[in-house]
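Here's a quick tour of a few spots in this protein model. Have a look at the sequence and the fold, then read on.

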Amino acid sequence: MHPEVQSPSPGKCPKCGMTLVRQKAKATTKAAPAPKPEVRKPKPATPARKKAQPAPAQPAVKKQPSVKEQPAVKNKPVEHQHDTPVTNPEVEEGPVQKAGHNVEKPGPTPTPRTVRYDLYVEDTIVYFTGRPKKAIAINGSIPAPALTFTEGDTAEIYVHNKLDVATSIHWHGVFLPNRFDGVPYLTQKPIAPHSTYLYKFPIIQNGTYWYHSHSGFQEQSGMYGALIFHKKNEPAMPAIPIVLSDWTDLKPKEVYRSLRSANDWFGIQKGATQSYGEAIQKGHFTTKLKNEWKRMTAMDVSDVAYEKVLTNGQSTHEQTHFQAGDVVKLRVVNGGASTYFWLTYSGGKITVVANDGNDVEPVEVDRLIMAPSETYDLLVTIPQDMQYEFLATAEDRTNSTSLWLGRGMKMPAERLGKLKYFEGMKMMNDMMKLNGDMEPMGMVMSNQQMDMNSVMYPEGAGGGHANHGEQDQKPAADVEKKMQPPTDTTQEAHSMEGHEMHKMDMDESAGDLVTLNYGMLRSPEQTTLKPGPEKVLRFELTGNMNRYVWTIDNKTVSESDKILIRKGENVKVIMFNNSMMRHPMHLHGHDFRVLNKQGAHAPLKNVVDILPMETDTLEFAASESGDWFFHCHILYHMMAGMGRVFTYQNSPPNPELPDPKLAWKRLNMEEKMFLPSGQIGIESNGSDGEFMLANARYQISTEWRIGFKKEYGIESETYFGRYLGKMQWLFPFIGFDYHHNSVENEPEETMLGQSSNQNNRKAFVAGVQYILPMLVQAEARIDSKGKLRFQLRREDIPLTSRLRMNLTANTDKEYMAGFRYVLTKYISLSTHYDSDMKYGAGFTFVY
């Protein structure tokens with residue numbers, strides 16, 4: 001028996017399976033009542049339903065010379081009647097479970113507390129772009145309220161799901177019992193609609209973290225917020241939680257469907273189509289030809305065209321109470337679903353003091369880029385009595401969001417220029433083989449020290465590339481000195497002369513930008529793992545940008561087995577990024593060492609952002625139990641299947657998931673889902689179109705041509721097949737071909753000398769498609785009557801940013817040429833000439 005196992009109701013022991021026995025009450029003296037938990041029920045700031053930008057979850061931090069960081073929200077709770085009882089009452093009454101990870105800072109907590117938060121998840125309406133759109137808020141706020149604890153506290157977080165669908169919350173970067181990690185069907189049952197679930201765990205670490213939904217696309221809809229764990233002796237310094245995020249007016253599931261259907265509307269919105277017309281205009285026609293010869297589509301650095309990027313739920317956020325000499329800690333969380341943010345500051349250098357919740361030796365930089373889900377603690381100084389801009393710019397340079405610090409005349413940060421896509425395309429052409437693979441360069445390309453994307457950056461000398469990784473780490477000046485006021489704060493700061501002097505200083509240093517990379521991060525303490533057996537894993541990050549399939553070793557989560565590890569092992573993971581996109585890989589419930597030139601002082605992180613062609617190595621001590629998700633934190637890459645599950649051998653069964661096989665199937669349902677796409681042309685000669693259902697591997701499609709004149713007839717071809725290979729260029733299929741004409745039925749001879757019943761044909765077909773250089777689709781098939789057909793087809797040739805050309809020809813002497821001009825995401829003007837249905841013009845509706 002296991003005396004530590006207690007339950008308020010009959011059942012079986014989760015460790016040994018024996019029936020629980022009611023314990024007889026012992027005669028004892030009456031104990032003193034347990035202290036009541038401290039209750040913090042955050043109230044939203046400005047209600048999200050008002051026609052205005054939602055107010056931030058955090059109140060302004062008032063300037064106080066020696067005051068510790070203030071808790072985020074201490075208002076009265078949102079009033080909700082008839083809260084439902086928790087669905088896991090054994091957690092409410094039972095002992096506090098602990099993670100296997102060692103406590104970071106051993107020692108007693110001065111005043112141990114149980115801190116309670118109540119989080120109410122509800123649908124809401126927001127006006128981020130001036131139009132009413134549905135979103136999901138926590139306690140009426142987007143972002144969700146910042147939750148604050150002190151190391152040593154016990155967290156009791158009641159999540160009240162007021163939605164009509166299930167939800168969950170993942171505590172990103174937190175060491176906690178596996179059952180509270182918040183991944184539906186992997187560590188817990190989803191929180192059912194109109195029910196309450198309790199997350200309860202001790203706080204055994206400190207730093208800046210965050211929390212977000214791990215159910216479907218809810219994170220993109222507003223379910224994210226900062227999570228602050230104070231040190232027991234938190235330094236007296238004003239600090240501001242900053243949550244950066246991205247917003248789209250489209251439904252997130254529609255964003256995902258559009259990406260999977262290869263719709264390039266987002267590229268049109270961002271001015272990133274890289275058409276032949278643009279290539280000729282910019283002197284890169286051969287670059288574009290070589291790009292398509294290697295079967296690559298347009299160069300891009302992000303997937304989605306967002307309408308807004310936000311700082312604490314606002315395009316512009318202000319903290320005006322700071323004055324000259326103040327040093328402010330910014331606890332920055334990238335809560336974006338897929339946006340990388342460049343961070344710059346008009347007031348001078350940025351001092352990096354922590355990353356992913358872990359302290360690093362202070363290092364001064366001019367700028368840094370944050371991957372989705374990363375957190376950074378940054379120190380900035382208010383140089384003079386003016387207002388300075390902390391600017392976060394989306395990596396694709398389409399949008400930015402600002403935090404203004406101080407008061408007085410505004411001192412804007414320099415805007416980042418539009419990316420030079422063709423320069424990036426030219427570089428990638430040189431790096432990529434004809435088969436789509438890229439050559440690993442070992443440690444030459446690691447830890448972001450050679451950002452090949454830098455050829456696209458217009459700012460700085462050489463785009464900042466020369467100073468991206470070769471420089472030695474530059475330690476920051478003593479933080480205590482930074483907190484001293486300047487010796488001279490004259491009224492010159494308020495004059496235009498002061499403004500021009502500041503701008504001149506910034507311009508002079510622009511050519512020598514220092515950009516943070518992982519090689520510059522150094523832990524203040526040794527992080528070497530204890531000796532133990534080592535398990536080495538090698539992963540290749542793979543994907544197909546055109547079909548939007550993202551994998552590890554060419555396998556999605558559902559196609560791979562769980563990775564078995566043992567408690568006590570040291571697990572080393574070596575990853576090579578063989579794709580053209582960055583991937584921020586996140587490991588749940590663990591910190592890992594990112595092996596860099598700092599040796600024993602390698603930094604601890606829970607997210608590693610891997611650039612194209614880069615090889616990075618991380619290692620962690622296996623100290624937990626249960627199943628832990630390891631995945632790309634670009635939301636749409638994760639939903640496409642880019643991840644793995646680490647599972648500890650001999651872990652006790654999860655009481656919330658009594659049927660592990662069924663849970664595994666449900667975990668992978670969204671990844672394996674077939675998504676629809678298609679287009680319908682309505683033109684003067686008839687209607688032609690295509691409808692497809694596809695997932696990562698399989699596709700069923702139907703093409704049709706219906707003539708408006710009887711002599712044009714009806715044609716349709718239906719194929720079902722599977723994409724093969726890492727690049728998915730090969731597509732074997734089976735299907736059915738149907739042609740009918742009620743007016744004429746004359747056999748014709750094909751280019752291969754066979755007879756073709758062109759007008760009344762019913763036949764089963766089997767064949768294969770293959771993508772040739774120049775993105776030409778070659779098809780060879782045979783039908784049930786023994787007739788062969790070869791066909792070449794190229795769609796969506798980008799002549800200009802909106803004008804597309806389509807070409808098709810086959811050995812049955814059928815051919816087509818057409819043009820399509822994109823008006824909106826769903827509507828195009830179109831015209832084409834078809835060998836069977838002649839000339840037509842009209843509209844094409846794309847879905």
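Buried here means under 20% relative accessible area, exposed means over 50%, and partly exposed is in between (1.4 Å probe, protein chains only). This is a predicted model, so local features need pLDDT of at least 70, side-chain atom pairs count only at pLDDT 80 or more, and totals for chains, interfaces and linings use all residues. Residues are numbered from 1 along each chain as its sequence is written, and side-chain values use heavy atoms, with hydrogens and water left out. Helices (H or I, at least four residues) and strands (E, at least two) are DSSP runs, numbered from the N terminus.

Let's start with helix α2 (residues 252–260). It is largely enclosed by the rest of the structure, because eight of its nine residues are buried. Those are P252, E254, V255, Y256, R257, S258, L259 and R260. What do they pack against? Taking contact as heavy atoms within 4.5 Å, the buried residues of α2 pack against α3 (265–270), β23 (549–552), α9 (635–639) and β33 (675–683). After α2 comes A262, with a positive phi near 65°.

Next, a helix pair. The axes of α5 (residues 285–293) and α6 (residues 421–431) come within 9 Å and cross at roughly 45°. That makes α5 oblique to α6; angles under 35 degrees count as roughly parallel, over 145 as roughly antiparallel, 65 to 115 as roughly perpendicular and the rest as oblique. Axes are lines fitted to C-alpha atoms, for helices over the stretch in contact, and angles run from 0 to 180 degrees between N-to-C directions. On the α5 side, T287, K288, K290 and N291 meet F422, M425, K426, N429 and D430 of α6.

Now some strands, where a pair needs at least two DSSP bridges between the two. Strand β18 (residues 375–381) is mostly covered, with six of its seven residues buried.

| Strand pair | Sense | Bridges |
|---|---|---|
| β42 (residues 788–798) and β43 (residues 803–810) | antiparallel | six bridges |

Within β18, Y376 stands opposite V332, and L378 is the bridge partner of V352. In β43, M805 sits opposite I797.

Finally, the barrel. Twelve strands close it with antiparallel pairing, in the order β33-β34-β35-β36-β37-β40-β41-β42-β43-β44-β45-β46. Neighbouring strands of this sheet are turned by 20° against each other on average, direction ignored.
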